[in-house]
Amino acid sequence: MSSIHTCSDARRLAKQRLPWMVFDYIDGAAGDGFGERLNRERLRSLRLQPRVLNNVEKRSISVELFGDTAALPFGISPMGMCNLSSPHADKWLAKLAADKHIPVGVSTAASTSLENMIEMAEGYAWFQLYFSGNEDSSQALIKRAEDSGYKTLVMTVDVPEVGRRPRELRRGFKMPFKMGPAQIFDFAMHPRWSINTLLHGRPELANFGGKYGAFERTASRAGADWNLLDKIRQSWKGNLVVKGVLSSEDAVRMKTMGVDAVQVSSHGGRQLESAPPPIECLKRIRDAVGDDYPLFFDSGLRSGEDIVKAYAVGADFAFMARPLLFAMAAEGEQGLVQLCEVLAAESSIALAQLGLCSIDDIGSQVLHPS
Ligand SMILES: Cc1cc2nc3c(=O)[nH]c(=O)nc-3n(C[C@H](O)[C@H](O)[C@H](O)COP(=O)(O)O)c2cc1C
């Protein structure tokens, strides 16, 4: 029987099992983490208005997304080096995406190659691009994504420089690992993870190496600009999502440039500690871009009720990240499946409490004005 009944259960169990360095890499945020906590607090303090005596027997939590039907109201936000949480994490995420018809974001810094991921995900994968300081290498990645069948490209724009995450820095987190006495002690204290990782081989930046050259996770991407976005929009014929937007002006400009959707996100509070809570930016951006423009949201969603809140504030689709890695670190593939069942049940029960039958019915009317 699973011990995961909430996202915090998954986090607590993962904290016991993962080496401190890996836990702090996943859980960490910019600065002291105040910005990350503030967003979660703002999300939590939003109140939903219950409504009664509507027949809510037949409920659906599926969502239309780029012409497909996602069976869950959330997708998997792109994350680098997922296999650090568990050696088969990428495979399990891809399988979940295929089973539920939800997108799995495949990071430029993924621990499984973009070619393998789209195959395992049976097409339900979106490639996430980090501009790597060099236009040719970005175009080469885009070409690989196109050749392997990706239909959606997610350009992440909120990392001109990798944010300072002190919890990572204190642990000496580097890719590939630099092993010193502190790391050896850390791994020795977490033998289950260490043996499992040793048996399956150290996770690598799988989109690089050999003929694909090197990738430096912390390299500057400060050269990315509107001109680059415009070129990518002109050359990429599929859906283009821009991820990491917190300003209405930026979102409106992207809409005018023909970007298909904007993902409102603070990178889970990992970039600018003083950034405004993304859940509040979502409201302002929705007002600015109008009702019909696709907006996605991630950062700080930790329950089905949070997911419902994201839709109520203005999202057309939601994404989650850390809790999924924690569920796999805690209980493997079963943990991931269990957490998704928890989130699905929580979302569906929240709909029932609000007197609604589908995610589509959620609007600002469900937000209590308190
Ligand atoms: C371990 C980790 C690695 C991440 N790597 C990437 C990445 O490579 N590309 C990207 O666009 N976002 C990355 N993100 C950000 C997530 O996609 C997402 O925006 C963020 O974690 C917010 O969601 P959460 O609060 O549910 O974790 C990463 C997040 C985590 C926790």
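1. D316 is found in the loop that joins α13 to β10 (317-320); helices (H or I, at least four residues) and strands (E, at least two) are DSSP runs numbered from the N terminus. This is a predicted model, in which local features need pLDDT of at least 70, side-chain atom pairs count only at pLDDT 80 or more, and totals for chains, interfaces and linings use all residues. Residues are numbered from 1 along each chain as its sequence is written, and side-chain values use heavy atoms, with hydrogens and water left out.

2. D316 has a relative accessible area of 30%, so it is classed as partly exposed (buried is under 20%, exposed over 50%, partly exposed in between; 1.4 Å probe, protein chains only). Between D316 and L272 there are 25 Å from C-alpha to C-alpha, at a sequence separation of 44 residues.

3. Two residues deserve a check of their backbone angles. Most residues other than glycine have a negative phi. L53 has a positive phi, near 60 degrees, and lies in the loop between α3 (34-45) and β1 (63-65). L53 counts as exposed because its relative accessibility is 85%.

4. S299 is not a glycine either, yet its phi is positive, about 115 degrees. The loop that holds S299 runs between β9 (295-297) and α13 (304-313). Here the relative accessibility is 5%, so S299 counts as buried.

5. The ligand is surrounded by 23 residues, of which P78, S107, T156, D298 and G300 are the closest (near means that a heavy atom of the residue lies within 4 Å). By class, this shell has eight nonpolar, 10 polar and five charged residues; Ala, Val, Leu, Ile, Met, Phe, Trp, Tyr, Cys and Pro count as nonpolar, Asp, Glu, Lys and Arg as charged, and the others, Gly among them, as polar. At least two shell residues come from each of α2 (20-27) and α14 (322-353).

6. For Q128, a polar side-chain atom is 3.0 Å from a nitrogen atom of the ligand. For G300, a backbone N or O atom lies 2.7 Å from a ligand oxygen. Taken alone, the ligand exposes 600 Å², and the protein buries 98% of that (Shrake-Rupley method, 1.4 Å probe).

Terms used
A polar contact is a pair of N or O atoms within 3.5 Å; within protein, one must be able to donate a hydrogen and the other to accept it, and residues adjacent in sequence count only if both atoms are side-chain atoms.
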